[in-house]
Amino acid sequence: MDITTLSIFENRCLVNGNWITSENNLEVKNPFDNSVLTSVPILEESIVLQALQDAETAQKKWKKASVNERSHLLRKWFDLVIQYQEELAIIMTLEQGKPLKESRGEIAYAASYIEWFSEEAKRGYGDIIPNNIHSEILVFKEAIGVCAAITPWNFPAAMITRKVAPALAAGCSILVKPASETPLTALALAKLANQAGFPAGIFNVITGSSTSIGKIFTESPIIKKLSFTGSTEIGAKLMAQSSPTVKKLSLELGGNAPVIVFNSANLEQAVQGVMDTKFRNAGQTCVCANRIYVQNEVYDEFIEKLRLKIDSLKLGNGLNPETDIGPLINSKAILKVEEHIQDAIKKGATLVTGQTKNTNGNYCLPTLVKDVTQEMLCAKEETFGPFAPIFRFYDENDVIKMSNDTEFGLASYIFTQDINQYIRVSRELEYGMVGVNTGIISNAAAPFGGIKSSGIGREGSKYGMEEYLEMKYVCLGNIK
Ligand code: SIN
């Protein structure tokens with residue numbers, strides 16, 4: 001499939017309303033066969049610096065646009081994203097590798113953030129606070145200013161819209177640096193936003209070197225807020241780089257999600273929940289099940305049911321409608337999965353189904369291993385691939401302790417039919433999100449985010465809008 005024949009294909013950057021090229025370019029490859037799809041500009045530093053200034057000028061007007069205008073433009077962008085869902089999904093599958101059915105799902109999910117924030121644009125409520133000393137305390141919510149976003153390759157559309165839509169709704173301008181592996185979905189989204197009619201400079205997409213653009217974003221006093229989704233290591237670095245200019249930050253970082261299957265669980269539901277959270281995007285999600293704890297009484301039955309489902313998954317080219325699991329993003333990703341599998345087996349775990357060594361090129365067979373323990377690498381690190389390690393547990397208190405025994409705190413999941421147990425355990429889990437009897441927790445209406453080393457801030461919901469707003473308190477003296 002020739003990506004350049006798609007009507008919304010774009011390989012230039014959108015900067016202050018202009019489509020920019022560069023002499024130096026970066027190749028974008030299809031992870032299915034490593035073929036080159038196209039290349040995108042490595043923008044020069046001077047162009048990025050100018051883009052920041054233009055975004056600042058544009059934002060001064062945009063923050064004064066009526067909330068209806070901001071809302072209507074977002075709605076138009078949403079309509080265009082839905083209209084071009086199929087083309088966007090094809091672009092995503094070509095550059096990211098995920099199955100087309102998942103890409104379609106991600107475009108719908110990405111669009112839902114635009115729709116949500118087109119509505120939230122009208123709800124930037126402030127407060128009036130009664131007070132004894134002064135007659136009135138007024139609290140206004142105001143746009144924070146020029147924002148920047150650095151987005152990952154695993155969700156090339158949704159991680160952009162859930163940062164850009166609230167920023168635009170709040171009256172901010174934004175510059176997005178998409179992942180170098182997946183810039184084409186971002187550029188196609190920008191093309192549609194441009195078509196929707198956002199003023200020049202409000203939404204910019206900048207491609208090039210992650211290190212140098214990250215440095216410009218973090219060091220510039222023009223950028224008042226940075227939102228990043230990616231690894232904890234890079235997030236901490238961006239946080240340190242941002243400290244001299246005291247920026248507001250949203251960081252959605254690594255996870256190490258536990259799934260707890262209790263004896264009381266509906267096992268069909270638990271198996272489906274694990275399939276949903278573990279194998280979405282071939283396990284390349286931050287909220288993906290990383291450790292699966294199964295209680296003793298249902299241990300063997302659960303593993304057998306899960307094995308049957310795993311063995312039915314079809315690997316292949318994401319463009320093939322039958323495909324359930326596409327390639328991993330690159331060879332480094334495959335090596336990490338293999339390292340975790342081999343480490344577990346070396347330390348005493350048993351392979352139930354899957355692969356221990358790479359014989360499948362860019363693919364990694366979905367792999368199930370049982371009798372895993374807390375000492376193994378996969379208990380401590382995020383695997384980010386289609387590897388399901390099963391741990392046996394006996395007691396609720398023990399499993400809570402094991403689940404919380406990590407520096408991360410993004411997503412967690414429990415499966416139980418006992419109402420007291422799910423309330424008790426949800427409260428004890430040290431995570432930003434808990435899925436109960438479901439493996440799918442992502443939703444534009446919900447506050448997505450983590451605690452501990454998994455980051456700060458929330459995306460989506462009414463709280464996602466707050467991330468792009470500042471409070472201004474006006475103290476009204478007594479009226480005489
Ligand atoms: C992520 O993996 O970073 C995001 C997943 C989601 O939004 O569901």
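View 1. A polar backbone atom of Cys286 lies 2.7 Å from an oxygen atom of the ligand, a polar contact being a pair of N or O atoms within 3.5 Å. Taken alone, the ligand exposes 260 Å², of which the protein buries 100% (Shrake-Rupley accessible areas, 1.4 Å probe). A polar side-chain atom of Arg162 is 3.0 Å from a ligand oxygen atom, and for a side-chain N or O atom of Arg280 the distance to a ligand oxygen atom is 2.9 Å. The model is predicted, with local features requiring pLDDT of at least 70 and side-chain atom pairs pLDDT 80 or more, while totals for chains, interfaces and linings use all residues. Residues are numbered from 1 along each chain as its sequence is written, and side-chain values use heavy atoms, without hydrogens and water.

**View 2. Surroundings of Phe203.** Leaving aside neighbours within four places in sequence, Phe203 is in contact with residues including Leu14, Trp77, Ile160 and Leu189, where contact means heavy atoms within 4.5 Å.

**View 3. Residues around the ligand.** Of the 13 residues around the ligand, Tyr109, Arg162, Arg280, Cys286 and Ser442 come nearest (a heavy atom within 4 Å).

How values were computed
A polar contact is a pair of N or O atoms within 3.5 Å; within protein, one must be able to donate a hydrogen and the other to accept it, and residues adjacent in sequence count only if both atoms are side-chain atoms.
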